[in-house]
Amino acid sequence: MIRLFVLVIAALLLVAIPARAERLISALSNDKIEITSSFDGERLTFYGSIAPDAGSEQKYVVGPYHIAVVILGPTQDRVAREKTNVLGMWLNTDQVTFKGFPSYFHVLSSGRLREITDVTTLTTNFILPESHVLVPNAAGWWQTMVFGRELIRLMTEERLFGVQENGVNFLSDTFYSAQLTLPSNAPPGPYIAQTYLIKNGAIIARKSEGFAVRKIGFERFLAQSATQYPLFYGLACVALALATGWLGGVLFRR
Amino acid sequence: MQIYLPIAELSVSLFFLVGIGGAVGFLSGLFGVGGGFLLTPLLIFSGVPTSVAVASVTGQVVAASTSGALSYYRRGGVDLHLAMYLVIAGILGAFGGVAAFDLLRNAGQLDFVISAGFLVLLGSVGILMLQESVRALLKQRQGVVVRERLPNQHNWIHGLPMRVRFKKSRLYISVLPVLAIGLFIGFVGALLGVGGGFIMVPALVYLLRVPGNVVIGTSLAQVVAMMAATTILHAVQSQSVDILLAFCLMVGGVAGAQFGAAAGKHLRGEQLRGLLALLVLAIAIRFGLGLVLIPEDVFSMSVVGGAR
């Protein structure tokens with residue numbers, strides 16, 4: 001009975017307070033990143049604005065808002081290995097495999113992540129790099145934590161993982177833009193950019209866009225032939241090598 | 001100018017690739033070796049994944065050895081009969097090498113085995129060569145006439161059964177040591193991405209007593225055929241041959257080799273072998289230190305299978 005009463009009060013309150021919902025309008029500068037022979041990384045811009053939700057009577061929105069953009073690359077099975085000294089030599093002796101680990105992960109935000117929201121929100125929404133190693137793993141909790149931390153460090157050194165806590169700029173109270181430089185070793189495949197709108201520590205709206213990084217033209221042709229027609233690809237390599245060697249000999253004989 | 005390598009999936013400076021190809025080609029022309037044992041380590045040290053480096057260098061070795069093999073063939077310096085036995089055994093060995101390469105890569109021990117393999121092979125070959133050339137240089141200084149070992153001097157290998165006559169090499173020997181050498185070089189070559197000329201030449205000279213005029217030509221012909229087979233095997237099995245990487249190295253290597261060969265005419269044989277021995281030893285020591293010294297980073301990572 002009491003529970004019903006509380007529910008009724010809550011419903012009345014919801015009606016009484018005008019809906020103050022925000023909507024996130026976002027876009028990105030390119031939805032295809034093409035890897036050509038001169039590919040040396042690419043710059044992407046994420047931008048958008050915060051507007052009153054459709055259907056609400058609100059004319060404007062009141063901040064302060066925070067934005068976090070999470071860019072996630074195609075997943076791979078990745079293994080982290082540790083060398084130890086065996087009889088004076090350094091050997092890989094221990095390893096942990098992380099299944100479905102992102103090959104690329106970057107977070108751009110408009111402020112320090114732990115200040116704009118709490119750790120639980122960050123980990124459950126996979127906004128922190130560490131959240132990707134917190135998933136259950138057959139190797140056990142301790143091993144996963146130790147190797148996961150090292151894996152994130154290695155990925156960060158390769159510029160494949162990163163957190164830029166000043167990566168999002170507000171150009172006005174409601175308009176933001178963020179820039180990301182995709183490195184040349186960014187793996188090809190489908191990418192997802194998830195944008196979170198955060199107000200008073202809570203995620204109040206989210207939106208996701210996809211973009212693709214792919215090899216085009218000659219590079220695409222080569223990579224496809226290598227995997228789809230490996231025998232012909234190998235034969236072509238040998239033919240090219242023989243021709244180059246022969247031609248070199250002929251050209252320089254004089 | 002950066003060039004994107006589609007299989008290695010990273011971009012490298014084009015001038016760097018052609019440059020190291022040329023530098024190694026120069027040395028290989030100078031010393032008459034394939035240069036794979038120099039290129040593979042250089043690529044690994046410059047960030048190309050080990051598997052791609054090994055597989056692509058096999059392609060480069062084919063190109064580097066082709067012009068040499070052809071010119072020796074024209075001069076009649078190739079014993080095709082002997083080369084055929086070596087190649088057949090070599091291809092069998094290469095199957096084993098490529099399979100071992102795949103197994104080791106999945107087990108995470110590929111880098112270690114490659115380092116240890118280079119250390120043992122280059123270390124022992126380098127020491128042997130250095131000894132030999134120092135002895136030759138000293139004797140020459142003392143005025144002693146160096147008597148070349150005669151091809152008809154026999155050792156225990158010549159007592160083995162299943163003898164075959166190799167006309168061009170003027171040899172009548174058992175095929176068993178020939179096949180064993182081919183098998184070993186095929187295996188090592190596929191595993192380490194080297195042509196194996198630096199093992200083949202001493203093995204032919206000291207074990208089989210193949211006369212000097214056909215040793216290098218036969219070794220080169222064998223390297224071309226076997227490395228061609230290895231390239232195809234790598235392309236099918238590990239799919240890590242980067243044709244663009246291999247081509248850049250080839251162009252540099254083929255050009256460099258011609259200048260190296262021209263420069264080699266100004267140096268004496270013993271000096272050349274002494275220098276090559278020092279170079280081989282230096283690389284062996286580099287690999288040895290990598291195994292023994294505390295690594296900069298005890299942790300490493302790699303991708304299992306392909307990206308999905």
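**Figure 1. The contact between chain A and chain B in the predicted model.** Chain A contributes 54 residues to the contact and chain B contributes 49 residues; two residues are in contact if their C-beta atoms, placed from the backbone, lie within 7 Å. At least two residues each of the side of chain A that touches chain B come from strand 5 (75-86), strand 6 (89-102), helix 4 (141-157), helix 5 (217-228) and helix 6 (230-252) of chain A. Helices (H or I, at least four residues) and strands (E, at least two) are DSSP runs, numbered from the N terminus. With 17 residues, helix 6 of chain A gives the most to this side. Sorted by class, the side of chain A that touches chain B holds 26 nonpolar, 19 polar and 9 charged residues. Here Ala, Val, Leu, Ile, Met, Phe, Trp, Tyr, Cys and Pro count as nonpolar, Asp, Glu, Lys and Arg as charged, and the others, Gly among them, as polar. This is a predicted model, in which local features need pLDDT of at least 70 and side-chain atom pairs count only at pLDDT 80 or more, while totals for chains, interfaces and linings use all residues. Residues are numbered from 1 along each chain as its sequence is written, and chains are lettered from A and ligands numbered from 1 in the order in which they are written.

**Figure 2. Strand pairing between the chains.** Strand 5 of chain A and strand 5 (residues 299-304) of chain B run antiparallel and are joined by 6 bridges; two strands pair if DSSP finds at least two bridges between them. Within this pairing, F299(B) in strand 5 of chain B stands opposite E82(A).

**Figure 3. Helix 6 of chain A and its surroundings.** The 23 residues of helix 6 of chain A reach 33 Å from the first C-alpha to the last, close to the 33 Å expected at 1.5 Å a residue. The expected span is 1.5 Å times one less than the number of residues of the helix. Buried residues of helix 6 of chain A are Y233(A), G234(A), C237(A), V238(A), A241(A), T244(A), G245(A) and G248(A). A residue is buried if 20 or more other C-beta atoms lie within 10 Å of its own, exposed if 12 or fewer, and partly exposed in between, with C-beta atoms placed from the backbone. Elements of both chains are included in what covers these buried residues: helix 5 of chain A, and helix 3 (50-74), helix 8 (212-237) and helix 9 (243-264) of chain B.

**Figure 4. V62(B) and its contacts.** V62(B) belongs to helix 3 of chain B. V62(B) is buried because 31 other C-beta atoms lie within 10 Å. Apart from neighbours within four places in sequence, V62(B) is in contact with V238(A), A241(A), L242(A) and G245(A), and also with V224(B), M227(B), A228(B) and T231(B). M200(B) is 138 residues from V62(B) along the chain, and their C-alpha atoms are separated by 16 Å.

**Figure 5. An open sheet in chain A.** In chain A, 4 strands form an open antiparallel sheet in the order 1-3-10-9. Strand 1 (22-28) and strand 9 (168-170) of chain A each have a single partner strand and stand at the edges, so one side of each is left without a neighbour in the sheet. On average, neighbouring strands of this sheet are turned by 20 degrees against each other, direction ignored. Axes are lines fitted to C-alpha atoms, for helices over the stretch in contact, and angles run from 0 to 180 degrees between N-to-C directions. Strand 3 (residues 42-52) and strand 10 (residues 175-182) of chain A pair in the antiparallel sense over 8 bridges. G48(A) has Y176(A) in strand 10 of chain A as its bridge partner.

**Figure 6. Strand 12 of chain A and its partners.** Strand 2 (residues 32-35) of chain A runs parallel to strand 12 (residues 202-215) of chain A, and 4 bridges join them. The bridge partner of K32(A) in strand 12 of chain A is A212(A). Strand 11 (residues 189-199) of chain A pairs with strand 12 of chain A over 11 bridges, in the antiparallel sense. I203(A) in strand 12 of chain A stands opposite I198(A). Strands 11 and 12 of chain A form a hairpin with 2 residues between them, and N200(A) in the turn has a positive phi of about 50 degrees.
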